[in-house]
Amino acid sequence: MRFGLRARFILLISAVLLCVFASAAYFLVRNVRITQVNDLTRESKAFAALATQPIGDTYTIYKDSGIIRVQQEAQQFTDLDSNVTNVEIVGLDGKTVYQPDTKFHPSVTAGQVETFNTSYTTNRSNLITQVIQPYFSAANQHPFSIVYTVSDKELVQNVARQEIDIVVFSL
């Protein structure tokens, strides 16, 4: 079966347009993912910086009289950011001193908790999975750190939704 010149020209133009749209879709999806990852990282860091002092102060005040107030304070903050799935308080020895949800276990070392700087744990995709934020009391003592578990579930859903939109638009 032989194609005429017009059919070959239409086929060539179609192939070129397909390549152009596929390339554009690939780069759009890649940029969306990079933007979403950067947003998650920035939001997680800001959340940890905002929530550590109030949660730490509440724990310091109420740790001996009951944990309910600490749970309420932590819940108020995790309700603000759906990406933060768990808040734990870890002593300088690396042992958990407050854990609202027993299904989460932070994988932190005493070295990560002892430091005076915020540290981050990432997965293979370079997404933040934990933020370890040191707590400093009013007397500028560092008795513990707070570990925030970060989920990328919402990020994955957003990227998948936007990928579908971009592919449909490209088609």
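**Figure 1. Arg69 and its partner Glu73 in helix H2 of this predicted model.** Let us start with Arg69, which is partly exposed, with a relative accessible area of 31%. Its side chain meets that of Glu73 in a salt bridge, at 3.5 Å from N to O. Side chains of opposite charge can pair when their charged atoms come close. Glu73 is buried, with a relative accessible area of 8%.

**Figure 2. Arg42 and Asp39 in helix H1.** Here is another salt bridge to explore, this one between Arg42 and Asp39, whose closest N and O atoms are 2.4 Å apart. Is Arg42 buried or exposed? Arg42 is exposed, having a relative accessible area of 51%, while Asp39 is partly exposed, at 23%. How many salt bridges turn up when the whole structure is searched? The search finds two.

**Figure 3. Tyr59 and Phe144, an edge-to-face aromatic pair.** Now we turn to the aromatic rings, for which the count comes to five pairs. One of them joins Tyr59 and Phe144 edge-to-face, with 5.3 Å from centre to centre and 85 degrees between the planes. Tyr59 lies in helix H1 and Phe144 in strand S5 (residues 144-150), so this pair ties together parts that are 85 residues apart in sequence. Both Tyr59 and Phe144 are buried.

**Figure 4. Tyr135 and Phe144, a stacked pair.** How are the rings of Tyr135 and Phe144 arranged? Their centres are 4.7 Å apart and their planes are at 5 degrees, so the pair is stacked. Tyr135 is buried, with a relative accessible area of 1%. For Phe144, also buried, the value is 5%. Phe144 therefore takes part in two views, edge-to-face with Tyr59 and stacked with Tyr135.

**Figure 5. An aromatic cluster, and a lysine over a ring.** Which residues come together in this cluster? Phe47, Phe77 and Tyr148 form one aromatic cluster.

Note on methods
Residues numbered from 1 in each chain as written. Predicted model: local features only at pLDDT ≥ 70, side-chain atom pairs only at ≥ 80, totals over all residues. Heavy atoms only, no water. Salt bridge = Lys/Arg side-chain N within 4 Å of Asp/Glu carboxyl O. Helix = DSSP H or I, 4+ residues; strand = E, 2+ residues; numbered from the N terminus. Buried < 20%, exposed > 50% of the residue type's maximum accessible area, 1.4 Å probe, protein only. Phe/Tyr/Trp six-rings, centres within 6.5 Å; stacked < 30°, edge-to-face > 60°. Lys NZ or Arg CZ within 6 Å of the ring centre and 35° of its normal.
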